[in-house]
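Hi,

Here's the structure I said I'd pass along.

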Amino acid sequence: MKHLNGKVALVTGATRGLGKGIAIGLGEAGATVYITGRTLDQSDVTDNNIAGTLEDTKLAVEAAGGICIPVQVDHSDDEQVRSLFERIDTEQSGQLDILVNNVFSGVRVLKEAYSEPFWKFEPNLWDAVNNVGLRSHYVCSIFAARLMSKQSQGLIFNISSWGGMFYIFGPAYGAGKSACDRLTADMAVELKQDNITSMAIYPGIVGTELMSSFFEEASSEETPENLTGFGSRENWETPLLTGRAIAILASEPNPINFTGKVRVVAEVAKKYNLVDQDGTLPPSLRSLRFLIPVAIPALKNYANLIPDLKIPWIFILWITRLQNLG
């Protein structure tokens with residue numbers, strides 16, 4: 001369904017992974033999608049380990065029936081970001097309906113650092129994880145809000161993570177994602193008067209380059225304890241599911257009702273009868289169908305018999321606090 005026809009969206013960090021899947025999901029829903037990244041086409045590729053370009057994403061969005069406009073942007077440079085929004089303002093007559101803050105440059109450093117404690121690395125590990133990431137989300141939200149406030153409507157989605165609640169990839173990552181959730185909530189307070197919605201999005205285990213490399217290169221003995229049980233790929237999502245979840249949320253008649261909230265991709269998909277690329281729907285990470293087989297591996301083959309019931313946030317926060325109290 002083209003329920004976003006006539007809408008203009010911006011997805012940051014869309015050369016590959018989640019950003020690419022989100023752009024495709026918005027494009028197949030009918031939106032005109034601007035995408036950003038540092039690599040425009042193969043002529044810009046200088047590292048053989050980097051997969052994906054803006055042109056690749058553009059072709060994928062067009063194959064899904066969408067309109068895609070790639071813009072080469074280094075999100076560590078505020079002036080390039082300012083120019084991006086000025087271009088959208090000019091080309092779309094001031095219209096910007098959806099911003100998806102997804103850009104993130106910490107994949108490689110997290111992959112290199114995940115098996116060691118944070119204090120064995122230089123302080124710039126923090127910047128590598130949170131500069132083009134958390135800070136970039138704040139900067140883009142400033143410029144997006146200036147356009148959206150003139151229309152008295154708009155949606156800002158911040159791609160966050162369960163790492164904001166539980167230890168996953170280390171202190172720098174966890175602090176950045178927890179701050180992303182707080183940024184979402186506090187922006188919602190100040191944006192509400194202009195009818196601009198701010199939401200945090202929690203994908204599940206997504207088969208991006210980061211997650212795939214963690215489980216392909218690490219033996220079972222090397223897999224961190226906190227990731228044990230997450231390598232069961234039947235529970236993995238593709239980036240497209242996040243795109244479809246964002247697209248359906250953006251089509252809600254009164255999205256302001258959800259402002260400041262965290263939305264879980266698998267739970268949004270279940271509510272709106274969405275499916276992933278292969279036609280399936282993985283369970284939410286706080287569903288009993290996911291959690292029980294992780295806790296009791298012998299029940300893995302019986303997962304479909306376990307109720308797909310979610311654990312309320314209050315219990316997750318309570319468990320986290322108990323863990324922190326030791």
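Which residue does Lys120 form a salt bridge with? The partner is Glu116, and the closest N and O atoms of the two are 3.4 Å apart. Glu116 itself is partly exposed, at 35% relative accessible area.

Bear in mind that this is a predicted model. The chain has 326 residues, 51% of them buried, and its secondary structure comes to 11 helices and seven strands.

On the charged side chains: there are 10 salt bridges in the structure. One of them joins Glu28 to Arg244, at 2.6 Å from N to O. That pair ties together distant parts of the chain, with Glu28 in helix 1 and Arg244 in helix 8, 216 residues apart. Glu28 is partly exposed at 24%, and Arg244 is partly exposed too, at 22%. Another bridge pairs Asp308 with Lys270, at 3.5 Å; here the loop between helix 10 and helix 11 is linked to helix 9, across 38 residues of sequence. There's also a salt-bridge network made up of Glu267, Arg286 and Lys310.

Then there's Glu237, in the loop between helix 7 and helix 8. Glu237 is buried but has no salt bridge, and the nearest side chain of opposite charge, Arg286, is 11 Å away. What its side chain does have is a polar atom 3.1 Å from the backbone nitrogen of Gly204. Further along the sequence, the contacts of Glu237 include Pro203, Ile205, Thr242, Asp276 and Pro282.

Cheers

Note on methods: Residues numbered from 1 in each chain as written. Predicted model: local features only at pLDDT ≥ 70, side-chain atom pairs only at ≥ 80, totals over all residues. Heavy atoms only, no water. Helix = DSSP H or I, 4+ residues; strand = E, 2+ residues; numbered from the N terminus. Buried < 20%, exposed > 50% of the residue type's maximum accessible area, 1.4 Å probe, protein only. Lys, Arg positive; Asp, Glu negative; His and termini not counted. Salt bridge = Lys/Arg side-chain N within 4 Å of Asp/Glu carboxyl O. Polar contact = N/O pair within 3.5 Å; in protein donor to acceptor, adjacent residues only side chain to side chain. Contact = heavy atoms within 4.5 Å. Lists of a residue's contacts leave out its neighbours within four places in sequence.
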